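This report describes a single structure in terms of strand pairing, core packing and helix contacts. Please read it alongside the sequence and coordinates shown below.

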Amino acid sequence: MKFENITQIKVFIVILIAALSVIAIQAAKTVTKVDIVSEPTVENEWFKIAENIYQFRYQHHYTLFVTTSNGVVAFDPLSDEAAEHYVKAIKQVAPGQPLIAIIYTHWHIDHSSGARVLMRAFGDHIPVIAHERTLLKLKRWNDPDIVLPTKLIGDKGEALRFGNMDIELNYIGYGHTDTLLVARFPGSFFSPGLVFVVDFANNDAVGWQDLPGWYLGELIAMQQRLLKLDFDIVAFGHGLPGDKSTIRRQTGYYLNLITQAKLVLQQGLTEDEAVTHIAPRLKRYSDWRFYNKWFHLNIRGAYRWAQGIKDKA
Ligand SMILES: [Zn+2]
């Protein structure tokens with residue numbers, strides 16, 4: 001490349017800097033591979049998914065913790081057994097740092113159990129943050145081993161700040177209990193925006209069993225509300241992170257499922273007939289996780305939901 005004069009050189013440098021900035025931002029906003037920081041075992045592992053943001057996996061459950069300038073904030077402790085390993089993960093990633101808050105994503109006990117184990121390791125006076133109806137549900141559940149929330153979030157959500165880390169807690173619908181909070185970590189010029197989504201969407205996986213008590217219309221509406229939030233990466237409660245296209249694929253799956261369920265109902269088919277009729281039509285999902293285990297049950301769940309729609313479809 002030859003330059004005729006100094007102005008051409010200046011223009012070239014400006015263009016080069018702009019191009020490199022775009023490449024750097026794109027690289028920062030794309031999760032190609034999670035950054036494993038523990039030795040993964042069958043049972044548990046932990047890994048970095050963005051600057052200061054980590055996921056911990058215990059069996060099929062994933063939770064998330066962040067390191068801030070004031071200490072660590074840990075989401076769902078999952079269970080007493082999981083929390084024993086969760087303590088190790090936090091201490092390895094942030095040695096000597098205090099735990100400054102625990103946040104429950106929703107009341108279900110496979111996510112809200114185990115806080116006592118974290119408190120035994122990090123101190124008794126750690127605030128436990130959750131949606132206000134999580135407290136009501138857990139009081140009713142009445143398990144003395146589950147630590148009740150001490151700071152409550154309403155339907156309007158709340159933007160919290162821990163040291164140098166902003167964490168926005170959003171309530172976006174009742175598709176998976178009326179207690180679920182979606183955490184959002186706003187992005188910056190160099191780091192991607194991230195949301196933590198538990199149970200109402202997943203990474204290329206079919207739904208749980210026969211979708212017991214799931215409001216499918218509201219579930220889809222929630223996924224659409226989620227897409228309106230500003231983020232690049234979505235971390236899940238059951239599976240590896242994805243992006244907005246992962247959420248769109250989930251919505252496509254549930255829309256296909258309920259469209260098929262409504263059609264077979266119009267045709268007067270029974271639930272068993274619905275399974276044999278719909279399964280070959282949605283074969284494209286056969287490589288999704290839990291397909292062999294739960295796909296036929298998902299059809300039954302969608303059929304029953306379509307029989308007595310209680311939410312907007
Ligand atoms: Zn749940």
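Strand S2 (residues 44-50) pairs with strand S3 (residues 53-58) in the antiparallel sense over six bridges. Within this pair, Phe 47 lies opposite Gln 55 in S3. The two strands form a hairpin with two residues between them, and Asn 52 in the turn has a positive phi of about 70 degrees. Strands are DSSP runs of E with at least two residues, helices are DSSP runs of H or I with at least four, and both are numbered from the N terminus. Two strands count as paired if DSSP finds at least two bridges between them.

The model is predicted: local features need pLDDT of at least 70, side-chain atom pairs count only at pLDDT 80 or more, and totals for chains, interfaces and linings use all residues. Residues are numbered from 1 along each chain as its sequence is written.

The protein chain has nine helices and 13 strands. Among contacts in the protein chain with a separation of 6 or more, 65% come from residues 24 or more positions apart; a contact requires C-beta atoms, placed from the backbone, within 7 Å.

An open sheet of five strands runs in the order S9-S10-S11-S12-S13, with mixed pairing. Its edge strands are S9 (158-162) and S13 (233-236), each of which pairs on one side only. Neighbouring strands of this sheet are turned by 25 degrees against each other on average, direction ignored. Axes here are lines fitted to C-alpha atoms, for helices over the stretch in contact, and angles run from 0 to 180 degrees between N-to-C directions.

| Strand | Partner | Sense | Bridges |
|---|---|---|---|
| S10 (residues 165-170) | S11 (residues 182-185) | antiparallel | three |
| S11 | S12 (residues 194-197) | antiparallel | three |

Glu 168 has Arg 184 in S11 as its bridge partner, and Leu 169 stands opposite Ala 183 in S11. Towards S12, the bridge partner of Phe 185 is Leu 194. S11 is covered on both faces: Val 182 and Arg 184 are buried on one side, Ala 183 and Phe 185 on the other.

Ala 183 is also one of the residues touching the most other members of the largest nonpolar core, which has 87 residues. Such a core is a set of buried Ala, Val, Leu, Ile, Met, Phe, Trp, Tyr and Cys residues joined through C-beta atoms within 7 Å. Leaving aside neighbours within four places in sequence, Ala 302 contacts Leu 211, Leu 216, Leu 257, Ile 258 and Ala 261.

The axes of helix H7 (residues 244-266) and helix H8 (residues 271-278) come within 10 Å and cross at roughly 125 degrees. H7 is therefore oblique to H8, since angles under 35 degrees count as roughly parallel, over 145 as roughly antiparallel, 65 to 115 as roughly perpendicular and the rest as oblique. Gln 260, Ala 261 and Val 264 in H7 meet Ala 274, His 277 and Ile 278 in H8.

Trp 294 is found in helix H9 (residues 291-307). Trp 294 counts as buried because 20 other C-beta atoms lie within 10 Å. Not counting residues up to four places away in sequence, Trp 294 touches Val 206, Gly 207, Trp 208 and Gln 209. The C-alpha atoms of Trp 294 and Ala 205 are separated by 9.7 Å, with the two residues 89 apart along the chain.

Key
A residue is buried if 20 or more other C-beta atoms lie within 10 Å of its own, exposed if 12 or fewer, and partly exposed in between; C-beta atoms are placed from the backbone. Two residues are in contact if their C-beta atoms, placed from the backbone, lie within 7 Å.
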